[in-house]
Amino acid sequence: MRKTMVSLLAGASFLALNSMAVHAQELTILWAEWDPASYLQELVNEYQAETGVTVTVETVPWPDFQTKLFTELNAQGSAYDMVVGDSQFLGAASTGGHYVNMTDFIAKHDLTKTMAPATMKYYSEYPGGSGQYWSVPLEGDALGWAYRKDWFEDPKEMEAFKAKYGYDLAVPKTFKELIDIAEFFHRPADNRYGAAIYSQNAGDAIVMGVENSVFAYGGSFGDYNTYQVSGLVNSPESIEALEDYRKLFTFGPPGWGNAFFAEVNTAMAQGQVAMGMNFFAFFPSLVNEATNPHAANMGFFANPPGPRGEDFAALGGQGISLISYSQNQEEAMKFLDWFVEEKTQKRWAELGGYTANAAILESEEFRKATPFNEAFFQTMFKVRDFWALPEYAELLTEAADTFYPYVVNGEGTAKETMDKLAATWVETLTAAGYAAK
Amino acid sequence: MANLITTLDPASRAASRGWSDTTIRNVFVIPTVAFLIIFNVFPLLYSLGFSFTDFRASSKAPVNFVGFKNYINVLADPVIWRTFSTTLWYVIVSVTGQFIVGFGLALLLNRPLPFKGLLTTLLMLPMMLSPVVVGLFWKLIYDPSWGILNYALGLGPVAWLSDANLALYAVAITDIWMWSPFVMLLSLAGLSAVPKHLYEAASIDRAGKLYTFFRITLPLVAPILLIAVIFRTMEAFKTFDIAFVMTGQPAAELISSRLYKMAFQQWQTGPSSALAYIILIMVLCITNIYVKYLNKAKER
């Protein structure tokens with residue numbers, strides 16, 4: 001009996017130790033549910049083949065991503081070892097103690113030199129200019145445009161366009177030209193519309209869209225260092241940009257008041273619109289015959305400059321951060337060592353991920369790899385981003401709630417909207433302890 | 001022996017089978033009470049505490065007691081009042097619609113019909129679906145470009161979910177579709193419990209159909225109808241999922257969606273706890289009014 005008990009205890013101890021050992025060989029990454037997460041899973045499968053460490057990419061639908069992540073972080077849960085988080089999360093996650101400071105890691109791998117400058121600035125550094133880094137840029141992304149090449153190159157359309165606007169129908173060289181083109185193709189009677197843009201009042205959809213035009217017009221969402229909002233958010237440039245965004249919205253398909261990336265791609269795939277604004281990460285499905293019958297006719301361009309020549313676009317994309325409550329930090333660091341290697345970054349780009357590695361981005365091979373990579377390359381060097389303060393979510397919700405009634409419902413004027421937003425943000429920032437003005 | 005057991009009180013019967021009062025208390029009562037305290041009472045009191053602080057779940061900053069400031073700020077916020085009035089109108093439209101459709105269907109099914117069982121089962125299907133699935137499903141139905149509703153009604157591209165004047169009604173119609181079967185089910189139970197001899201007596205007295213309905217059917221079914229209305233009012237007041245997935249139109253924003261935004265998108269834990277308590281008090285007040293009517297109806 002005693003022998004049996006000893007054997008059972010020994011067996012149980014062995015199993016327990018074994019399970020702990022196996023546990024240490026597993027890493028979990030949280031990301032949003034979209035194609036790049038599938039590409040990342042393919043990439044980490046190769047890491048597993050090399051090292052035997054199982055890495056799982058767990059995904060959450062985009063609208064719930066922020067909520068799910070911060071619920072877990074606030075509970076100091078260890079369910080995830082790493083997260084591929086939005087740039088806006090940096091302030092809340094770093095000051096909240098949820099992310100591990102990766103400044104030493106960044107220095108060790110010299111990432112400030114090898115990654116595209118905008119990606120280090122917006123995906124990794126917080127506070128801005130502090131030299132403190134909290135993530136490794138993983139998926140570079142920004143807003144760009146897809147268009148119907150066949151419509152643009154149709155001789156009859158070209159002739160009619162030239163007659164109406166006095167210049168050639170082509171990829172727009174300015175935002176104003178983009179609006180002309182949208183107006184020209186807007187023919188509701190033929191179920192054909194000008195442009196599909198973001199309008200959803202959830203997450204960052206409508207805010208990203210408006211931001212894209214505000215930046216291109218030389219406007220601003222505030223000074224992120226001095227917290228000045230008044231006079232910038234409601235500057236004449238920002239107001240004009242919002243007016244034109246509303247104009248673009250009116251050239252969209254009917255009932256276009258709840259649109260984000262999926263709706264834009266659907267409108268393009270259904271042949272409804274001449275142009276669609278979307279994050280580059282969503283463009284692969286537009287050139288796939290299986291998901292878009294018009295794939296062969298798709299063209300892409302970077303966000304065009306505004307009326308005064310300013311040339312900017314809204315940043316998307318994410319960096320990968322190590323969660324403070326992870327039980328496997330050492331193993332996760334080893335994974336990140338592997339991830340930032342040039343060969344891994346190259347493989348990441350081959351699989352469809354948007355590497356932030358500057359050398360790969362600039363290479364001819366990358367720029368010619370897909371019909372949209374050239375536009376992506378051009379965009380990644382002219383991006384600007386939203387606030388990344390711990391209070392970013394309040395600022396984002398307030399912006400969405402303010403923009404929506406004007407852009408979608410046509411309530412009030414652009415000036416009233418921007419004045420209202422500036423006043424609201426000053427109040428919110430002041431209440432949070434910033435010297436906002 | 002069998003007779004003796006059936007005449008004993010329940011506790012003694014259980015004891016005679018080997019279940020003492022202490023065992024029953026330990027196995028059933030204590031776990032239930034403990035579960036309720038841990039998962040209901042404790043969070044309720046804990047969040048009441050939060051409602052008087054500036055606590056943010058996303059921050060490790062020190063928590064300060066702010067008294068009634070959160071309640072005052074929430075009640076002074078015009079957006080909150082807009083969502084409250086939207087919610088109230090939504091509850092009126094949705095519950096009235098469910099009451100009319102549900103009770104109407106019950107009256108229809110309370111008479112001899114071929115395939116009545118199958119028909120009842122099919123009519124109950126909507127309420128068995130997940131609200132999110134229903135919301136997404138109706139979003140497609142309402143789509144102005146390819147949705148079947150506009151096509152079937154020959155309406156052209158009506159933007160049901162993004163039109164500020166229509167969005168709330170579109171969500172309410174979906175809720176009516178989903179939850180009318182619940183009212184139907186309760187009404188059917190009430191209707192089948194009305195004693196047949198009352199109808200026979202009314203028939204002998206040559207009472208008209210309307211007179212019979214208003215003097216016999218409705219008074220006898222009223223208590224159960226009120227229960228259905230209480231449940232549906234409480235649920236409609238808390239509606240979140242259907243509205244959240246269907247539209248982002250501010251004109252259709254319900255109080256639960258605003259609460260979700262404050263609590264889980266903006267992480268304003270203190271103010272959102274205060275708002276949650278204000279909603280709770282409102283629902284309790286409305287329910288209390290119904291319960292008073294219910295008691296009156298029962299007395300009759």
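1. Interface between chains A and B. In this predicted model, 26 residues of chain A are in contact with 21 residues of chain B. On the side of chain A that touches chain B, the elements giving two or more residues are α3 (62-74) and α19 (392-407) of chain A. Of these, α19(A) gives the most, with 6 residues. By residue class, this side of chain A divides into 13 polar, 11 nonpolar and 2 charged residues.

2. Helix α3 of chain B. The number of buried residues in α3(B) is 1 of 30, so the helix lies largely in the open. A residue is taken as buried here if 20 or more other C-beta atoms lie within 10 Å of its own C-beta atom.

3. The five-stranded sheet of chain A. Chain A contains an open sheet of 5 strands in the order β2-β1-β3-β10-β4, with mixed pairing. Its edge strands are β2 (54-60) and β4 (136-139) of chain A, each of which pairs on one side only. From one strand to the next, the twist averages 30°.

4. Pairing of β1 and β3. Within chain A, strand β1 (residues 26-32) and strand β3 (residues 82-86) pair in the parallel sense over 2 bridges. In this pairing A:L30 of chain A stands opposite A:V83 in β3(A).

5. Helices against the sheet. Helix α14 (residues 329-339) of chain A packs on the sheet, where it touches β1, β2, β3, β4 and β10 of chain A. The direction of α14(A) makes about 65° with that of β1(A). Helix α7 (residues 117-124) of chain A lies across β4 and β10 (318-322) of chain A, and runs at about 105° to β4(A).

6. Strand β7 of chain A. Which strands are joined to β7(A), and in what sense do they run? Strand β5 (residues 143-148) of chain A is joined to β7(A) by 5 bridges, and the two run antiparallel; here A:G144 stands opposite A:N278 in β7(A). Strand β6 (residues 193-196) of chain A is joined to β7(A) by 3 bridges, and this pair runs parallel; the bridge partner of A:Y193 in β7(A) is A:V273.

7. Burial of β7. Strand β7 (residues 273-279) of chain A has 7 of its 7 residues buried, so this strand is largely enclosed by the rest of the structure. For α3(B), by contrast, the number buried is 1 of 30 residues.

Methods: Residues numbered from 1 in each chain as written. Chains lettered and ligands numbered in written order. Predicted model: local features only at pLDDT ≥ 70, side-chain atom pairs only at ≥ 80, totals over all residues. Buried ≥ 20, exposed ≤ 12 C-beta atoms within 10 Å, placed from the backbone. Helix = DSSP H or I, 4+ residues; strand = E, 2+ residues; numbered from the N terminus. Contact = placed C-beta atoms within 7 Å. Nonpolar A, V, L, I, M, F, W, Y, C, P; charged D, E, K, R; others polar. Pairing = 2+ DSSP bridges. Axes fitted to C-alpha atoms, helices over the stretch in contact; angles between N-to-C directions.
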